[in-house]
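I opened this notebook to record what I looked up in one structure. The entries follow the order of my reading.

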Amino acid sequence: MAFKTLAALLSVVGSIQLASAALTKRVACPDGVNTATNAACCNLFAVRDDIQKNLFENGQCGAEAHESLRLTFHDGIAISNKAGNVGGADGSIMLFDDVETNFHPNVGLDEIINLQKPFVAKHNISAADFQQLPRCSAPAILPRPGRKVATGPAPDGLVPEPFHTVEQILDRFADAGPVGFEDVEVVWALSAHTIAAANDVDPATPGLRGTTFTGKGGHQGEVQSAIKGVMRLQSDHLLARDSRTNCEWQSFVNNPQKLHDRFIDAWLKISLLGSDQDTMIDCSEVIPVPKTINVQATFPPSLTNKNVEQACADTPFPTLKTAPGPATVVAPVPKN
Ligand code: HEM
């Protein structure tokens with residue numbers, strides 16, 4: 001069940017790093033097919049191809065790709081300055097899944113972990129490195145010789161929940177050490193929800209504030225949305241309105257290039273949590289580059305600027321056209 005319909009936005013991620021790669025000297029990989037800017041990236045092409053073919057059903061950016069992104073975020077964010085900065089993007093969520101999938105915010109992640117495990121077993125790759133690979137698009141930074149791998153499960157209580165307050169969420173991200181995240185970076189990271197589905201906030205659901213719930217009504221962490229079939233998380237709803245984050249949130253409207261660039265920045269930080277970038281090799285080129293989508297944003301049918309709850313005090317909400325036709329019902333994200 002989709003809770004945002006802007007799936008197209010994230011699909012533009014990845015086109016920029018390719019342009020610079022073209023200017024760099026490349027080495028031929030032993031597979032006789034691929035070339036890479038660094039030979040250490042060569043063995044990742046086979047892992048990528050296996051993922052695209054057999055996990056993502058021939059490269060579809062569907063449910064498994066969404067779940068994989070959520071999984072990597074939940075692995076990475078589980079690091080805390082207050083707790084001595086142990087953990088982060090170290091694969092613990094996969095290696096200690098018997099512990100971590102019982103944490104409340106990790107509900108449902110056991111499914112994608114079980115789907116991914118055979119790929120880790122088949123290829124000579126650590127769970128920590130593997131977590132950076134199942135992507136439709138995103139930067140992949142791989143270490144030399146290997147990303148730090150978890151020796152124990154992450155502590156509970158470090159993954160944000162949709163019923164947390166803005167204060168709790170911003171504090172949690174700021175505490176994800178050692179560097180932490182600025183408030184605007186939290187907004188950048190949350191653009192991931194443009195491709196997200198929700199299966200467990202309201203298990204009964206197969207889908208502008210205030211007119212409708214999906215499924216059987218309000219659940220913890222869920223608020224009303226304007227479109228049938230669209231699940232709106234309370235945390236997203238509040239961050240879009242809070243004075244610390246509302247203007248940044250609004251700034252993404254009709255600006256896919258900004259979303260592309262800033263998501264890469266935020267995702268890079270998430271993928272580096274607990275690791276030192278200076279000891280790593282950038283293997284972003286391994287990640288597939290999707291088609292660029294260049295469409296003007298519109299309001300859903302029947303909705304206009306008048307339906308917008310203006311939250312940003314500095315800049316008016318951009319004027320958008322309204323899509324033609326009857327009111328939309330957003331279909332659930334299909335499961336393979
Ligand atoms: C305030 C922080 C966040 C909260 C409270 C939050 C919460 C949630 C919740 C409740 C769901 C639905 C789970 C379900 O019912 O199946 C979800 C889905 C998702 N989240 Fe987040 N999230 C946050 C930040 C992030 C970030 C930073 C990323 C990635 C960079 C991310 C990626 C995703 C993805 C890709 C999904 C969709 C998974 C699927 O389609 O199966 N989330 N999130």
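Entry one, the model. I noted that this is a predicted model, in which local features need pLDDT of at least 70, side-chain atom pairs count only at pLDDT 80 or more, and totals for chains, interfaces and linings use all residues. Residues are numbered from 1 along each chain as its sequence is written.

Entry two, the chain. I found 13 helices and eight strands in the protein chain (DSSP runs, H or I of at least four residues for helices and E of at least two for strands, numbered from the N terminus). Of its 336 residues, 40% are buried (20 or more other C-beta atoms within 10 Å of the residue's own, placed from the backbone).

I looked up how helix H4 (residues 63-76) and helix H7 (residues 109-122) meet: their axes come within 9 Å and cross at roughly 100° (axes are lines fitted to C-alpha atoms over the stretch in contact, with angles from 0 to 180 degrees between N-to-C directions). H4 is therefore roughly perpendicular to H7 (65 to 115 degrees). On the H4 side I listed Glu64, Glu67, Ser68, Leu71 and His74, which meet Leu109, Glu111, Ile112, Ile113 and Leu115 in H7 (C-beta atoms, placed from the backbone, within 7 Å).

I recorded 26 residues around the ligand, the closest being His66, Ala192, Ala196, Ala197 and Asp200 (C-beta atom, placed from the backbone, within 6 Å). H4 gives the most to this shell, with six residues.

Definitions and conventions:
Buried ≥ 20, exposed ≤ 12 C-beta atoms within 10 Å, placed from the backbone. Parallel < 35°, antiparallel > 145°, perpendicular 65-115°, else oblique. Contact = placed C-beta atoms within 7 Å.
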